[in-house]
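Please read it alongside the sequence and the structure.

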Amino acid sequence: MSWPAILVLAAGAYVFKATGLLVFGDSDESSLGIRVGRLLPPALLTALIVVSTFGATDGKGLALDARAAGIAAAAVAVWRRAPFILVIVIGAAVTALLRVLA
Amino acid sequence: MRKRPAYVRDGIALGAAVSLFAVSFGVLATASGLSVAKTCAMSLLVFTGASQFAAVAVVDAGGSTGAAIGSALLLAARNAAYGLALAPILRGSRLRRAIVAQVIVDESTGMATAQPERADAERAFYATGIALFAFWNIGTLVGALAGTALGDPETLGLDTAFAAGFVALLAPHLRRRGGQVAAVGGGLIALALLPFAPAGVPVIAASLAALPALAVGRRDE
């Protein structure tokens, strides 16, 4: 990639990040934009979990593999109120263990 | 002395996990033909992990620069949703907001919006955002200079670590009806689009789940 291409990518990525903060930064807590904004994290976090758990690692499509077991174990840990770092370690460890066994 | 809040420690832990992917990025980027300077500039200026990997993968596969930028921006688009979600949390002058916007990513947004109090949310955002920025850039430099990864992050199960963290950060949102509807809707939209949509689209499209959640969420108040 050329320097101009890197700068175009950086500018594009930055515009995405900054727009909401700059346009809605002074909006009232009860405005429509802010109320929609509060509901975006649960929607997008779940989507990210789905994509990184079931997305095929080699291109498009769905996959059911060691990642699903890791996430299921992490979900149980969250339900049992385990601390954040323990949840991450459990998710990674279960996935890694199944990969070693496979 | 006041006890350090858990989110500072948690944010640093996420940063440490991110650093291994940053090393991978540095290795892959230089292997695809980027100079060390360009590789590090990408991590400093673009600072969106998934986008950077996508851009380098397209270039490495012989794709055009336009295709590389297009794939990367499709993955970066979700940050627009995060900017909106963080608007009531990151107050302050326009200049300050313009600067802190650079560290808006999945992890900093997730950690901030999981806090019930605004002041904690703001501090959690800074702790996580700054830790990620530091680890991401140091890791990139190490990978670009070393040229070989310290190990495959996937062998350690680290590709699951972030999704596991997101499960923990999702939990507080599920205490409200609106959050429950948004989560289920977002998950279903992503699952439906995953088999055929280009990378990035299933996550942006999940934003639409905020609309039914808004209707249900009124009853929360």
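Helix 1 (residues 3-24) of chain A and helix 2 (residues 36-45) of chain B cross at roughly 15°, and are therefore roughly parallel to each other (angle under 35 degrees). The model is predicted, with local features needing pLDDT of at least 70 and side-chain atom pairs counting only at pLDDT 80 or more, while totals for chains, interfaces and linings use all residues. Residues are numbered from 1 along each chain as its sequence is written, and chains are lettered from A and ligands numbered from 1 in the order in which they are written.

**Helix pair across the chains**
- The axes, lines fitted to C-alpha atoms over the stretch in contact, come within 9 Å.
- A:W3, A:I6 and A:A10 meet B:K38, B:A41, B:M42 and B:L45, where contact puts C-beta atoms, placed from the backbone, within 7 Å.

**Chain contact**
- Chain A contributes 65 residues and chain B 83.
- Helix 2 (32-54) of chain A gives the most to the chain A side, with 22 residues.
- That side has 42 nonpolar, 16 polar and 7 charged residues.

**Helix 4 of chain A**
- This helix has 18 residues and reaches 26 Å from first to last C-alpha.
- Its buried residues (20 or more other C-beta atoms within 10 Å of their own) include A:F84, A:I88 and A:G91.
- These buried residues pack against helix 3 of chain A together with helix 1 (6-31) and helix 9 (158-170) of chain B.

Technical notes
Axes fitted to C-alpha atoms, helices over the stretch in contact; angles between N-to-C directions. Helix = DSSP H or I, 4+ residues; strand = E, 2+ residues; numbered from the N terminus. Parallel < 35°, antiparallel > 145°, perpendicular 65-115°, else oblique. Contact = placed C-beta atoms within 7 Å. Nonpolar A, V, L, I, M, F, W, Y, C, P; charged D, E, K, R; others polar. Expected span 1.5 Å × (residues − 1). Buried ≥ 20, exposed ≤ 12 C-beta atoms within 10 Å, placed from the backbone.
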